[in-house]
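Here are my notes for your first look at this model. Keep the 3D view open and check each point as you read.

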Amino acid sequence: MRIRIVDAFTDRPFSGNPAGVVLLNDADAIPDDTWLQNVALEVNHSETAFAHPLPEGGEADWALRWFTPAAEVAMCGHATLATAHVLHTTGTHEGPVRFATRSGVLIATPAEDGSVTLDFPTAPLTRITPQDGLAEALGTEPLTVLDTGPNVGDLLVEVADEKTVRGLGPDLKALSAHSERGVIATARADDPDQGYDFVSRCFFPNVGIDEDPVTGSAHTALAPFWSERLGSARLTGLQASPRSGRVRTELRGDRTLLTGRAVTVIEGELLA
């Protein structure tokens with residue numbers, strides 16, 4: 001069984017968000033959840049994706065699940081992009097691929113330039129009054145706090161400016177009490193001429209990820225938030241983690257398109 005490490009939402013190795021990708025070619029011999037979780041822990045990246053082909057004629061082509069080192073998650077953008085990249089570059093699947101997931105059918109469409117566009121559900125945003133202690137846990141005073149719904153499971157927190165986002169050093173233990181998965185901190189770009197419209201960082205202590213390098217699922221919440229603020233359905237987000245990466249977003253009502261590139265950096269064989 002082959003396993004690959006793919007850097008997603010980047011066109012350069014050792015940047016973007018790395019994901020493990022395992023294609024399980026025999027749908028009748030899928031390992032149990034304990035094995036899947038152990039592989040994800042061994043890989044020790046923010047997500048490892050496991051996919052297997054489905055019978056022809058159904059609503060989806062491949063089944064897809066995602067595991068962090070600590071838990072299975074309901075939706076993951078970068079590992080979906082990484083899986084689509086592997087299917088396309090290895091010739092395993094041609095053209096758009098439909099993934100059956102816990103978040104419904106997600107479609108990934110490769111382009112001739114090597115990018116992949118993901119069709120994901122737009123996160124429903126609800127403005128809330130945060131619990132006491134959020135500002136202290138995050139390390140700055142929130143301007144706006146929104147719940148992102150069950151698929152994403154985060155708090156979306158607008159802060160003062162890009163410098164504040166880049167300088168955050170949250171108390172992760174304290175932050176874990178404020179949402180199901182974690183916190184997306186965001187601000188408008190200081191200089192849109194740099195090629196991005198907004199900036200973000202994502203902290204997910206509840207699923208074993210202190211800071212996620214580039215988070216596709218978070219952009220299903222960031223896209224509607226900033227599209228309303230900036231008056232444009234098409235935007236580019238920069239996730240300002242140490243590895244960094246960019247996500248092109250297009251808001252289409254209850255769907256959000258996420259576009260990025262990916263690079264395979266490691267390919268090997270699972271022996272366990």
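Predicted model: local features only at pLDDT ≥ 70, side-chain atom pairs only at ≥ 80, totals over all residues.

**Notes on strands and salt bridges**

1. Start with strands β15 (residues 234-239) and β16 (residues 245-252). They run antiparallel and are joined by six bridges.

2. Now look at the turn. β15 and β16 make a hairpin with five residues between them. Ser244 sits in that turn and has a positive phi of about 70°.

3. Move on to strand β17 (residues 255-260). It runs antiparallel to β16, and five bridges join the two. Thr249 stands opposite Leu258 in β17. The hairpin of β16 and β17 has two residues between the strands. Here Gly253 takes a positive phi near 65°.

4. How many salt bridges does a search of the whole structure find? There are 15. One of them pairs Asp154 with Arg181, with the closest N and O atoms 2.6 Å apart. Asp154 lies in strand β11, Arg181 in the loop between α5 and β12, and 27 residues separate them. Both Asp154 and Arg181 are buried.

5. Glu158 forms a salt bridge with Arg229, at 3.1 Å between the closest N and O atoms. This pair links strand β11 to helix α6, 71 residues apart. Arg229 has 37%, so it is partly exposed.

6. Finish with a network. Salt bridges that share partners join Asp33, Arg65, Glu72 and Arg102. Within it, the side chains of Arg65 and Glu72 meet at 2.9 Å, N to O. Arg65 is partly exposed at 28%, and Glu72 is partly exposed at 24%.

Methods. Residues numbered from 1 in each chain as written. Heavy atoms only, no water. Pairing = 2+ DSSP bridges. Helix = DSSP H or I, 4+ residues; strand = E, 2+ residues; numbered from the N terminus. Salt bridge = Lys/Arg side-chain N within 4 Å of Asp/Glu carboxyl O. Buried < 20%, exposed > 50% of the residue type's maximum accessible area, 1.4 Å probe, protein only.
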